Amino acid sequence: MTEAEARGPAAALVYERLLASITEGGSRRWDLASPYLLRHAPEHALEAGELAELLQDAEYLVHGAPGSVQTFGAILETRIPTETMPIYRSSLARHLHSEPEQRRQILAVDAIRHRSGRIGSRLYNPPLLPPVGWQCRWATAGNISLALKASLVGHDGPIRAIATGFVEETPIAVTAGDDGAACVWNLFVGVLHRRLRGHRRPLTSVAVGGPASSPLAITADTGGTVCCWELRTGKKRYRHAGTAAVGCLLVDAVDEKHLAISGDADGAVRLWDLVGGTPLEAVRAGGPVTRLISGGADDAPVAVAVTAAGSVVVVDLIARRAIAGFGTAASPVSAAECAFVREEPVVVTTHEDGTGHVWRLSDGALTATLTGRPGCLEVLSVIETGLETVAVTGGEDGVLRLWNLADGKLLGRMTGRHRERITAVAWHVVRAHRSPQSARPNEPDLVRRRPQTDWWRRKAEILGELAGHVVLSGSADETVQSWSASNCRPLRTFFAHTGGVADIKVTELWGEPIAVSGSEDGTASLWDLEHWRTQAEGARHPQRVDAVAVRRVGGQTVIATACGDSVLRLFTAADGKQIGHYTVGTGTVVAVGLGGTRDGAVAVTATSDGTVAARLVSTGKALWKRRMPASALEVGGSGRSATVAALHDGRITMLSLRSGRVLPNAVGDGPDLPAVTAVAFGLIGRRAVLAAGTADRMAVVFDLATGSALHALGPLDSDLVHVAMTTTPGPSLLATQQADGVIKVWDAAAAEAVLTIPSSAGVASRLLFGTTAGRPVVIAAGSQNSACVWDARTGGAEAVLFVPAEVLAASAADNALVVGFGRELGLFTPVDDPGLHDESAGKPEAEPVRRKKRKRSVAESAVLVALARYGTQDIHELRRRLRKPPSTNALRGTLRKLCEQGYVERIRLDEESSPRVSYYDLLPEGSAAAERLIGHAAIRPRPGQGSKGHG
């Protein structure tokens with residue numbers, strides 16, 4: 001009998017008695033538990049064999065110590081899958097610093113995102129406690145990454161560098177951050193192993209090496225201090241204090257002697273004994289050292305130091321001296337790597353001017369040059385295959401490029417997924433190649449075939465050698481993306497970070513590849529790269545939701561969203577189903593609004609290219625478009641004459657919602673009106689009005705029918721930031737929020753202040769009016785990850801809603817609050833209200849929300865097939881792919897029609913990137929249509945191509 005088996009009954013008895021102290025009426029009152037029990041309950045449960053049962057207890061997840069839940073949950077998941085731990089892990093960084101009631105609501109929203117409504121209901125309605133006042137009815141889940149194995153939370157600032165290694169065959173990662181600490185993570189269970197503290201300044205680099213029996217880590221900071229740590233014990237072995245910032249570190253083994261190498265800002269490359277800490281040599285590099293790479297042959301190891309000016313210094317690690325210097329360039333170096341090209345050791349450097357150079361180490365000769373755009377070769381990784389050596393680069397345009405290092409020629413581009421600059425790149429090899437299917441024998445003859453020249457044949461051979469190689473890229477857009485290296489197609493997107501990705505490292509767990517990504521949000525994420533679990537279902541916002549509008553029209557409540565791209569997305573408020581996806585212009589959507597006309601619900605958008613446009617929600621038909629800049633939109637007015645208020649540079653422009661024409665008697669035309677900072681529509685009795693917050697700290701109420709001012713409320717104590725008005729029958733209330741966070745509620749009819757609500761959470765991103773049981777409430781959404789609700793008549797606090805990510809947008813209609821948090825969208829209603837009811841549900845007339853389909857032209861079919869086969873393309877690449885290339889303008893028109901029909905998505909990169917390029921990719925509906933085209937019997941292959949079942 002083992003020791004564990006012997007103490008099992010005793011451990012079970014101890015655990016039972018510990019739980020008895022908090023059991024009340026057959027339920028456990030974890031809110032009454034002692035700090036010891038909240039922290040050590042999982043340990044006792046593990047010994048008693050009850051750990052799985054404990055971690056399924058929703059109330060323990062709310063009140064238990066997050067560190068204990070994380071650690072023992074990871075241990076449990078190595079044995080059996082759990083339903084609760086993926087939910088808990090989704091917002092682990094929030095749980096570590098949240099109070100129990102905040103954690104309860106965040107967990108409930110995450111449970112609904114994971115489609116675990118039962119767990120969400122248990123969290124919102126705990127036994128023996130009152131239910132949560134406002135509850136999430138649905139939330140999108142398109143940005144949940146089921147490949148996330150663990151969230152590594154331990155830094156108080158951004159993570160700058162990652163190194164991986166092994167301690168007693170256990171994979172570990174060491175992360176270095178701006179908080180001056182290095183964290184050692186056990187990647188087997190995904191928990192913090194040790195925290196290494198010895199630096200007083202932000203860390204710049206970290207490296208892992210040393211004897212297998214005693215692995216070591218070295219860390220460096222901006223003050224020039226280098227520390228060596230024993231990874232087994234966390235003990236500091238030695239410390240070197242320098243005078244210049246250390247920019248990079250390298251660990252290498254030469255003749256069974258382990259060396260540590262540092263590159264300093266004063267141009268010195270220092271070598272010392274890694275194990276003992278004895279200084280060995282210092283080599284001058286001639287400028288600040290930004291990169292250190294190990295290279296050379298096995299019998300002639302070298303360290304290559306690259307300076308900021310572009311020079312390369314080769315250091316012989318056996319003789320411990322500089323043996324060569326070459327490669328001065330006019331542009332600073334952005335990245336460097338060592339590799340073998342046709343059995344010759346080389347060093348590859350990329351520069352800020354968009355060029356790259358391949359230098360032979362033996363004599364410093366320039367063997368190849370890479371030519372790109374400025375800023376597009378900022379990160380670099382090298383893949384060595386059995387045929388040729390390939391470089392992968394990325395930069396500010398969000399595009400990855402594949403290069404053949406033998407001749408410097410471009411092999412392919414990976415485009416259309418990252419919206420901002422690429423900041424990190426890595427790669428790995430999968431066991432089985434999972435790239436999309438190659439062209440089928442009966443594929444329609446709509447795509448041009450490349451001529452079989454020597455170059456294209458060689459290119460096909462090189463890309464064929466990359467089969468099974470997967471490239472990972474991290475971006476400032478907070479995502480990690482995987483790509484097939486052989487055909488440059490995107491595979492899947494990993495979502496977890498709330499800051500830009502700073503570094504990616506790939507290691508192995510039980511012989512299978514895993515990745516660790518570090519972010520500026522202070523967290524690292526552990527990703528499963530081998531097991532392809534299905535991505536969570538639901539609509540997906542590729543970037544943070546920054547504009548939301550909700551409106552009830554004709555018995556149906558509709559939601560419109562924008563998220564920093566050129567797409568308007570529409571949802572039904574009853575169930576969150578996406579009913580519209582429209583590309584509305586050449587710029588990004590900055591504001592959205594919803595209103596009603598005799599033709600039905602209308603969505604209005606303002607884009608960054610200076611366009612305001614409207615389209616019907618039911619069919620997607622464009623109603624009107626007007627060239628005018630607008631930074632904010634509000635839609636309101638009476639049902640007969642719905643109005644759009646467009647705000648830009650402190651001036652208001654009033655438009656007809658139905659026709660888009662500028663209205664006479666416009667509000668704010670008078671020369672005496674100061675600059676307007678916020679607007680809101682409302683009602684005073686039956687009179688439609690517009691409230692405008694001005695730069696002189698006043699809120700002015702205008703009559704929409706005449707454009708004349710009715711009241712001027714104020715002045716406020718500080719600058720006016722937000723204004724809101726009630727739009728339902730009942731008391732006519734107006735709310736303002738000042739720059740100091742204070743909210744004031746006014747009687748808009750009597751023009752007098754009713755109450756003042758001090759806001760300790762600061763300025764919200766949106767101020768709204770809503771209703772609870774027929775009573776008006778004031779809602780301030782966007783104080784970090786929360787929304788506060790107050791009674792508009794008494795000022796009493798009714799509820800505080802907490803969500804997993806920062807709230808950037810919100811809108812209210814009737815008794816529902818729609819919140820955009822991070823890249824997700826959720827709908828909340830009071831606890832006594834089950835949610836919005838769609839009066840058109842069950843009626844045959846409800847289907848017009850779907851777009852009317854028409855027969856596709858041959859040109860549209862050709863574009864769909866080309867995108868299905870070759871992946872994301874810009875318009876010029878796509879034109880070259882087609883067998884009969886149309887003019888660029890004709891192809892642009894075809895793509896516009898496909899975007900309007902929801903088959904194709906137009907993707908714009910960051911507007912500050914140069915040049916400004918758009919890419920096109922298939923949406924799910926377009927992919928299905930392309931598959932039908934490819935397999936359609938009516939489409940014949942060209943003569944000589946053959947058909948399915950024949951040679």
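**Exercise 1. Determine whether Arg113 is buried or exposed, and identify its salt-bridge partner.**

*Solution.* Step 1: Arg113 has a relative accessibility of 9% and therefore counts as buried; buried means under 20% relative accessible area, exposed over 50%, and partly exposed in between (1.4 Å probe, protein chains only). The structure is a predicted model, in which local features need pLDDT of at least 70 and side-chain atom pairs count only at pLDDT 80 or more, while totals for chains, interfaces and linings use all residues. Residues are numbered from 1 along each chain as its sequence is written, and side-chain values use heavy atoms, with hydrogens and water left out.

Step 1: The side chain of Arg113 meets that of Glu824 in a salt bridge at 3.2 Å, N to O. A salt bridge is a side-chain nitrogen of Lys or Arg within 4 Å of a carboxyl oxygen of Asp or Glu.

Step 2: Arg113 belongs to helix H8 (residues 100–113) and Glu824 to strand S61 (residues 824–830), so the pair ties together parts 711 residues apart in sequence. Helices (H or I, at least four residues) and strands (E, at least two) are DSSP runs, numbered from the N terminus.

Step 3: Glu824 is also buried, its relative accessible area being 3%.

**Exercise 2. State how many salt bridges a search of the whole structure finds, and describe the pair Glu877 and Arg413.**

*Solution.* Step 1: The search finds 36 salt bridges. Side chains of opposite charge can pair when their charged atoms come close.

Step 1: In one of them, the side chains of Glu877 and Arg413 meet at 2.8 Å, N to O. This pair links distant parts of the chain, with Glu877 in helix H12 (residues 875–881) and Arg413 in strand S28 (residues 409–414), 464 residues apart.

Step 2: Both Glu877 and Arg413 are buried.

**Exercise 3. Describe the salt bridge between Arg270 and Asp266 and the accessibility of each residue.**

*Solution.* Step 1: The closest N and O atoms of Arg270 and Asp266 are 3.2 Å apart.

Step 1: Arg270 is partly exposed, with a relative accessible area of 32%. Asp266, at 30% relative accessibility, likewise counts as partly exposed.

**Exercise 4. Locate Glu860 and name the residue whose backbone nitrogen lies 3.2 Å from a polar atom of its side chain.**

*Solution.* Step 1: Glu860 is found in helix H11 (residues 858–870).

Step 1: With a relative accessible area of 2%, Glu860 is buried.

Step 2: The backbone nitrogen in question belongs to Ser857.

Terms used. A polar contact is a pair of N or O atoms within 3.5 Å; within protein, one must be able to donate a hydrogen and the other to accept it, and residues adjacent in sequence count only if both atoms are side-chain atoms.
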